Amino acid sequence: MSVQTVKEYLKQWNFDTKVMEFDESSATVELAAHAVGVIPARITKTLSFKINDSCVLIAAAGDAKIDNKKYKEYFHTKAKMLTPEEVVEFTGHAIGGVCPFAIKNPDVKVYLDVSLKRFDVVYPAAGSSSSAVALTLPQLEQASGYEAWIDVCKGWQEEE
């Protein structure tokens, strides 16, 4: 898939105009933060995990890390990330451009981590390693068709 595919998908809510494309890479949280001009925590990373023969995507703040214990409590299985090939197969997006919407496989479930809730606007990728889209949390909820807000990350709260 591509930025154009994501724009077409987001057009149904008029969010396509919020897509930003860069001359520089935004493939990592740090690079995306630099390209967008925000702190890394505001970048929404979309993490992909294998559960049985399917996949779940977890959109989390850029400064959050998966907490294996919390993940296992919620999903009742060990956190196992997809290979780069599996990511493309399930989502249609390559690593560096994975976003929680415009997903190739309709069986993929999207979850939003509470680490994002401290921001009004967040910046997930938009289908390529040199793109992002500025979305409010309600817009992210709408575009992702999310299953639930979950708490499976660590490292983003100051008291941790």
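The dialogue below takes up a helix, its covering and a hairpin.

Modeller: This is a predicted model, in which local features need pLDDT of at least 70 and side-chain atom pairs count only at pLDDT 80 or more, while totals for chains, interfaces and linings use all residues. Residues are numbered from 1 along each chain as its sequence is written, and side-chain values use heavy atoms, with hydrogens and water left out.

Biologist: Which residues of α4 are buried, and which are exposed?

Modeller: Buried means under 20% relative accessible area, exposed over 50%, and partly exposed in between, with a 1.4 Å probe and protein chains only. Helices (H or I, at least four residues) and strands (E, at least two) are DSSP runs, numbered from the N terminus. In α4, which spans residues 84–91, E86, V87, F90 and T91 are buried. They cover an arc of only 105° around the axis, taken from the directions from the helix axis to the C-beta atoms, and therefore lie on the same side of α4. On the other side, E85 and E89 are exposed, E89 with a relative accessible area of 52%.

Biologist: What covers the buried residues of α4?

Modeller: The covering, judged by contact (heavy atoms within 4.5 Å), includes β2 (43–51) and β3 (54–61). In β2 itself, seven of the nine residues are buried.

Biologist: In which sense do β2 and β3 pair?

Modeller: Two strands pair if DSSP finds at least two bridges between them. β2 and β3 are antiparallel over eight bridges, and F49 has V56 in β3 as its bridge partner. Their hairpin has two residues between the strands, and N52 takes a positive phi near 55° there.
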